[in-house]
Structure formats: C-alpha cells, structure tokens
Amino acid sequence: METAKKLNVWSLKNSKFSLILNRKLAILFFLAFLCLGSLLFSISKGALDITVGEVYRAIFIERNTVNHQIIWNVRLPRTLVAGLVGICLSLSGAILQGVMRNPLAAPNIIGVSSGAGLMAYIIMILFPSYYYLVPIGAFVGALLATLLIYLLAWKDGIQPTRMILAGVAVSSFLSAWINSLMIFFPDRVVGVIGFMVGGLSTRTWPHFNVLWPYASLGIAITFLFSKKLNILTLGDEAANNLGIHVERTRLILIALASLLAGSAVSVVGLLGFVGLIVPHTARLLIGSDYRYLFPATAILGATTVIFCDTIARVILSPIEIPVGIIMSLLGAPFFLYLLRERRRGIL
Amino acid sequence: MILTVDGICMKFKEKVILDNVNLSVEKGEVVSIVGPNGCGKSTLLKILSRNLSPQKGNVCLHGKSIKHMKPKDLAKKLAFLPQSRSVSSDFSVETLVSYGRYPHLGFSNRLKAMDLEIVDWAMDKTRVLELRNRTVNTLSGGEAQRTWIAMALAQRPDILLLDEPTTFLDISFQLEVMELIKELNQTLGLTIIMVLHDINQAVRYSHKIYALKNSTISHHGHAHQILSHQFLSGVFNIDADIFTDDKNNCPYIIPQRVKKL
C-alpha cells in the first residue's frame with residue numbers, strides 16, 4: 001500500500017516535472033527558430049532583395065558574384081555583430097536584474113553608458129585624430145565607471161540599493177561632463193551623435209573580430225553562474241547560509257555584466273533599451289530560473305537587435321534609421337502588450 | 001558540546017550590541033534565545049551563522065572555530081533560516097528545496113540521484129511532498145515556512161538556526177511550525193537554536209533558554225524552571241501570572257501589566 005502510494009507520487013511527479021521541462025525547452029526551440037528566421041530575413045533584405053536559396057548559394061558555392069560581395073562583405077558581418085551585441089547587452093541586463101534584485105537594473109546603472117560615452121566624447125572631440133581608439137576607450141571607460149561605482153557603494157560589503165543610487169549619481173556626474181563637452185565644442189558634435197544613439201551601419205568584419213573574443217568569454221562565464229545567481233536571488237543571508245561567497249560572487253557578476261555591455265557599446269555605441277526590456281520579456285516567457293532565462297535572454301536579444309536593425313535598414317531605404325529608435329518604437333509597445341496579457345493569465 | 005560561544009563582543013559604531021556573551025549547546029538540544037526588542041538576539045544568531053563576524057570572541061562548532069571554515073563546509077554542518085529572504089515567485093517548491101543540496105554539490109553543480117533522494121526525504125519530513133510542483137507564490141504562510149525548513153533540512157546539517165520562525169504566521173501555522181521543529185528534534189536528533197518572541201512557545205518547546213538583556217545574557221537555564229516573577233520583570237519588564245499547563249507539563253504565563261520604570 002505504502003509503496004503503491006509512493007510509486008504513484010513518483011510517476012505523477014515525473015510526468016508533471018517533465019511537462020514543465022518540455023514546455024521550457026519548447027519555448028527555447030521556438031525562440032531559436034525565430035532567431036534563425038530573423039537572421040535569414042536580415043541577410044536577404046536590403047537595397048537588393050535576395051532569396052533564401054540565393055543566399056545559400058552566395059555563401060557556400062559562388063564566390064565571384066555580386067550577391068556574394070553584398071552578403072559576405074556587407075550583410076553577414078553586420079548581422080553577426082547585431083546578434084552578438086544583442087546577446088551581450090541583454091545578458092548583461094539579466095545578470096544585473098538578478099544581482100541587484102531590482103527590475104529597473106540595466107547596464108546603464110553600473111555606469112556602462114556614461115563611462116563609455118564620456119571616454120568616446122573625450123577622444124572624438126578633444127583628440128579627433130585618434131578616432132580609431134574610440135572602441136577601446138569606450139570599453140575602458142565602461143569598466144572604469146563600474147569600478148568607481150562599486151568602490152563608492154562599498155561599505156562593509158555591497159548593498160544593491162546603495163549601488164543603484166551610487167550608479168545614478170555617478171552617471172549624472174559623468175553626463176554633466178559629456179554635456180559640457182557638447183556645449184563647448186558645438187562644431188564637432190555632429191560626428192559624435194551617431195555614437196550616442198547607437199547604430200550598426202558600416203559595421204563589418206573588423207568590428208566582429210574585435211567583439212567576439214570578449215563576447216564569447218563573457219557568455220561562457222555567464223552560463224556557468226546560472227545556479228549561483230539563482231541562489232543569490234534568495235537574499236544575501238540565505239545565499240551565505242548555503243555556502244556562497246556572496247560578495248565575491250556579486251563582484252564577479254557585476255564585472256561580467258560590465259565586460260559584456262562594455263564590449264557591445266564599444267562597437268555600436270550607446271544602444272539602450274535592449275538590456276532592460278529583453279531580459280524582462282524573456283522572464284515573462286520562460287520564468288525566473290536563470291538556467292533557462294540566460295539562454296532565452298541571449299537568443300531573444302540577438303533576435304531583437306537583428307530584426308530591428310533590418311527594419312531600420314529597409315523601411316525608409318536608402319535612408320537608414322538608427323536601430324535604437326526602431327527598437328524603442330517596436331519593443332516598448334510589444335513589452336507592454338506582454339505585461340497586460342500576463343496579467344490576464346494567458347502566458 | 002556541539003556549539004560553544006566564548007566572550008562575544010559586538011559594536012556597531014559606538015553602540016554596544018553584545019557584550020561578553022557566552023553560551024553552550026549540547027547535541028540534540030532545542031535552545032531558545034529570548035529577550036526584548038533590540039536586545040541583540042538576531043545579531044547573536046547572525047554571528048552564530050557567520051553572517052556577521054564579532055569584534056571579539058569565538059564561535060566553535062565541534063570544538064573548532066567557524067571563523068576560517070570554508071563557506072560550503074560550514075553550510076554542511078549548520079543551516080540558518082533568516083527572517084529576511086526572497087524568492088522569485090515562479091520557483092517550484094522542489095527547486096527551492098533542492099538548493100539546500102548546493103553545499104554538497106561538486107564542480108558541475110548537478111544534482112545526483114542521492115541528492116534527489118535527500119530532497120524528497122526533506123520534503124517528506126516537512127510534509128511538503130504533495131506541494132513539490134506548486135510555485136512558491138501560491139503557498140500559504142505555513143506552507144512557505146515548511147518549504148524553507150525543508151531546504152535547510154536538505155543541507156543535512158547538525159544544527160538548525162531559526163530566526164523568529166513563527167513571526168507573521170497565524171496561530172494554526174505557528175502551532176504547525178513549532179510541532180514540526182519538535183518532531184525534527186525528536187526523530188532526527190537535530191540540534192536547534194532559535195530566536196523566539198513568544199515566551200510561552202519558548203518554554204513549551206525548548207530544553208534550554210537564554211535570555212538577553214542589555215547586550216548580555218542575564219538569565220539562562222532549563223526551560224521549565226527559568227520562569228519566575230523576577231525573571232519576567234527583569235528581562236521583559238512585565239508583571240505576569242504563572243500557571244502550569246498540565247497537558248504539556250510545562251509552565252505558561254499570562255502577562256498582566258507593564259512595570260513602571
């Protein structure tokens with residue numbers, strides 16, 4: 001009797017458990033499918049429309065056609081950069097929302113935007129002949145700003161709220177310098193605006209080659225930390241009780257978020273919004289368990305940036321709209337829609 | 001002695017929180033720490049669980065200072081259920097309980113068959129097995145508390161530290177949680193140290209009571225013998241009548257008035 005009851009509980013548990021698991025895997029597959037779709041869409045759409053079959057031939061078979069030139073030298077690298085940037089920014093946001101236990105956390109609160117922005121401005125406005133140092137400067141600026149915020153917020157350990165407030169203060173302090181530069185050198189501002197809005201035009205293989213080593217390192221480490229981050233969200237004391245080095249883990253994760261977002265920003269400029277909204281959308285779709293949330297966020301981030309960049313290229317062709325504008329215009333209503341549907345219990 | 005505390009002193013800025021606190025706990029005992037608000041009981045529990053480190057003094061587990069123990073090694077011996085904690089609302093009971101195995105996991109962080117068995121055992125002991133697939137935001141206060149206790153149990157600790165386990169629960173859940181604590185102590189021989197607000201619960205469910213007043217231990221002794229008019233007025237500043245509960249064979253109090261200082 002006892003065994004029968006136990007067996008029953010087991011099989012019930014297993015069937016239901018696998019049902020939940022299957023649902024999450026199905027969502028991941030669906031997202032991956034969407035990502036692939038947006039990838040093909042991005043490569044085939046443009047000033048010259050190319051069918052999917054021709055895309056395949058142009059990449060793998062023909063080497064000397066116009067299609068090959070367009071796809072290999074222009075569209076493919078740009079699409080890949082867009083995908084990597086989307087992954088980096090949204091993973092960075094997902095990490096920070098967990099570490100700070102705050103839904104409004106995004107890469108800009110650890111100073112990535114203001115630090116990278118100020119550094120880029122200093123180079124572009126004060127030392128324009130060194131323009132090629134802008135990416136590395138932006139990267140260093142992002143990491144320095146994060147370090148500064150971390151040190152300012154430190155007082156027998158880091159308290160998320162204090163770190164967020166320090167982040168807001170430091171960001172507005174750095175922005176003041178950015179604005180001063182803009183006012184004192186109005187003639188040189190034009191070239192810099194593109195960096196502030198963030199965009200992907202003319203991004204090609206060299207950009208991709210700069211980005212992918214940092215990005216893949218960051219992504220790999222992020223995935224290793226999914227369980228630790230799950231436990232960290234239980235609260236400092238609970239995590240400490242379970243044998244987690246709370247301060248050390250938090251420092252590593254913040255550094256990781258800064259590295260991811262900094263490397264993305266150094267290549268495409270200050271692309272906001274992805275880091276805030278994509279992790280939330282992924283959370284609404286697949287739940288808060290970081291073992292599933294990280295992959296979902298990464299795929300959705302890549303999809304979003306690739307898709308929006310394609311729209312930005314083609315909608316008013318031959319004029320290009322900065323991708324950040326498209327992302328806010330399409331993404332914000334979509335996110336609000338998800339929030340409402342979720343409240344009605346459909347998701 | 002499974003746990004000894006020697007001369008703990010703790011200051012925040014200039015304010016003395018704990019001054020030369022000593023206590024000792026034997027294996028298999030239930031020990032309650034009581035005292036008025038702000039007397040430092042929660043601080044003491046945080047020191048025992050190494051969430052805070054004291055300026056002076058030592059906490060020894062099995063005769064060894066916990067100061068330099070590795071976090072995971074400490075977590076295998078000592079489980080602490082803090083009062084402040086949060087959990088993402090869509091985590092299932094089983095997922096939360098399985099985190100109790102974290103200190104035992106290897107580098108890959110994967111649960112092995114034995115870990116899953118222990119998770120099941122912990123859920124069974126705390127009677128949350130039927131709730132395993134429920135998400136934590138759908139649980140009642142009592143169910144949530146039992147789930148967290150299950151997580152602590154899955155650590156397979158020697159000692160369980162509880163910070164006000166019955167606060168914010170209504171009376172039936174309070175009874176349920178206290179009975180569960182008693183049962184865990186009796187059937188598993190688990191050593192339990194808890195901070196309690198309710199003096200009647202402390203007396204009924206513990207073997208030993210330590211009372212904190214003005215940053216130091218003012219009284220300690222056998223739970224059933226510690227109650228006296230002098231104890232209640234000294235520690236809590238109240239006049240109370242003391243009766244005997246024949247069914248549970250322990251004293252209980254009915255507070256009557258606050259004493260004028």
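1. Basis of the note. This is a predicted model, in which local features need pLDDT of at least 70 and side-chain atom pairs count only at pLDDT 80 or more, whereas totals for chains, interfaces and linings use all residues. Residues are numbered from 1 along each chain as its sequence is written, with chains lettered from A and ligands numbered from 1 in the order in which they are written.

2. Overall build of chain A. The secondary structure of chain A consists of 14 helices and 0 strands, where helices (H or I, at least four residues) and strands (E, at least two) are DSSP runs numbered from the N terminus. Chain A has a radius of gyration of 22 Å, close to the 20 Å from the globule rule for 347 residues, so it is as compact as a globular protein of that length; the radius is taken over C-alpha atoms, and the rule is 2.2 Å times the number of residues to the power 0.38. Along the principal axes, the C-alpha atoms of chain A occupy a box of roughly 85 × 60 × 35 Å.

3. Burial and contacts in chain A. Of its 347 residues, 46% are buried, a residue being buried if 20 or more other C-beta atoms lie within 10 Å of its own, exposed if 12 or fewer, and partly exposed in between, with C-beta atoms placed from the backbone. Among contacts in chain A with a separation of 6 or more, 75% come from residues 24 or more positions apart, and a contact requires C-beta atoms, placed from the backbone, within 7 Å.

4. Helix α11 of chain A.

5. Leu270(A). This residue lies in the loop between α11 and α12 (274-286) of chain A and counts as buried, with 21 C-beta neighbours inside 10 Å. Its C-alpha atom is separated by 5.2 Å from that of Met196(A), although the two are 74 residues apart along the chain. Leaving aside residues up to four places away in sequence, Leu270(A) touches several others, including Ser113(A), Phe195(A) and Val265(A).

6. The sheet of chain B. Four strands form an open antiparallel sheet in the order β2-β1-β4-β5 (chain B), two strands being paired if DSSP finds at least two bridges between them. The edge strands, each pairing on one side only, are β2 (15-25) and β5 of chain B. Helix α1 (residues 41-48) of chain B packs on the sheet, where it touches β1 (3-12), β2 and β4 of chain B, and its direction makes about 60° with that of β2(B); axes are lines fitted to C-alpha atoms, for helices over the stretch in contact, and angles run from 0 to 180 degrees between N-to-C directions.

7. Positive phi in chain B. His62(B), in the loop between β4 (56-61) and β5 (64-65) of chain B, is a residue other than glycine with a positive phi, near 50°. His62(B) is partly exposed, with 13 other C-beta atoms within 10 Å.

8. Contact of the chains. Chain A contributes 21 residues and chain B 24 residues.

Methods. Two residues are in contact if their C-beta atoms, placed from the backbone, lie within 7 Å.
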